Amino acid sequence: MSNPVRSTRSGSQVTSTPTIAQLFPKKNPLRLDLGGTISPVDVAYETYGRLNKDGTNAILVCHALTGSAHAANATFPLRSDEQKGWWDGLIGPGIAFDTKRYFVVCVNILGSCYGTTGPTSIDPDTGRPYGAAFPSITVRDMVIVQHELLN
């Protein structure tokens with residue numbers, strides 16, 4: 001599969017709205033740890049900074065189960081019209097995860113309601129939200145989705 005995050009190597013700066021990548025097409029569905037499959041899988045992610053030519057300055061930031069991919073904002077300090085990110089004080093130019101040096105990626109987890117496929121997503125087989133029919137997933141499934149996006 002193509003690598004949506006690596007494709008930003010050409011120099012995308014900070015994004016303040018999630019990018020959506022679609023992974024695991026019907027012909028290659030995500031095989032879930034507890035059985036069953038799901039396809040396709042939309043994955044929301046945000047990037048901050050620029051990936052260097054060697055691809056050696058990337059940092060993956062993982063959020064809490066109730067969070068989103070919106071870890072920080074496009075500007076630092078925060079403009080009055082921007083939504084606060086959950087790690088604004090750590091991601092940005094001149095602070096801990098210095099976006100002048102690092103390319104920071106935050107991937108939304110599988111099962112979330114923040115853009116990555118989850119119970120509120122439309123089931124392509126029924127045309128209705130998955131709801132309670134969304135399959136049981138594990139942390140391993142979440143990691144596989146993040147790995148697929150980044151590789």
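**Close-up views of a predicted model**

**View 1. Residue F24 in its loop.** F24 sits in the loop between β1 and β2 (30-31); strands (E, at least two residues) and helices (H or I, at least four residues) are DSSP runs, numbered from the N terminus. Although F24 is not a glycine, its phi is positive, about 55°. F24 counts as buried, at 6% relative accessibility; buried means under 20% relative accessible area, exposed over 50% and partly exposed in between, with a 1.4 Å probe and protein chains only. This is a predicted model, in which local features need pLDDT of at least 70 and side-chain atom pairs count only at pLDDT 80 or more, while totals for chains, interfaces and linings use all residues. Residues are numbered from 1 along each chain as its sequence is written, and side-chain values use heavy atoms, with hydrogens and water left out.

**View 2. Surroundings of L30.** Beyond its neighbours within four places in sequence, L30 is in contact (heavy atoms within 4.5 Å) with F24, G36, T37, I38, V41, L110, I144 and V145.

**View 3. The nonpolar cores.** A nonpolar core is a set of buried Ala, Val, Leu, Ile, Met, Phe, Trp, Tyr and Cys residues joined through side-chain atoms within 4.5 Å. The largest one has 20 residues, and L30, I38, V41, V43, L110, V145 and L149 have the most contacts inside it. At least two residues of this core come from each of β1 (19-23), β4 (41-48), β8 (103-107) and α1 (139-150). Another core, of 8 residues, lies apart from it and includes Y48, V61, A72 and C106.

View 4. The bond from S39 to P40 is cis, with omega near -15°. P40 belongs to the loop between β3 (37-38) and β4.

**View 5. The four-stranded sheet.** An open sheet of 4 strands has the order β1-β4-β8-β5, with mixed pairing; two strands pair if DSSP finds at least two bridges between them. Because β1 and β5 (58-61) stand at the edges with a single partner strand each, one side of each has no neighbour in the sheet. Direction ignored, neighbouring strands of this sheet are turned by 30° against each other on average; the axes are lines fitted to C-alpha atoms.

View 6. β1 and β4 run antiparallel and are joined by 5 bridges; A21 has V43 in β4 as its bridge partner. β5 and β8 pair in the parallel sense over 4 bridges, and I59 stands opposite V104 in β8. In β5, I59 and V61 make up the covered face, and A58 and L60 the uncovered one.

Note on methods: Axes fitted to C-alpha atoms, helices over the stretch in contact; angles between N-to-C directions.
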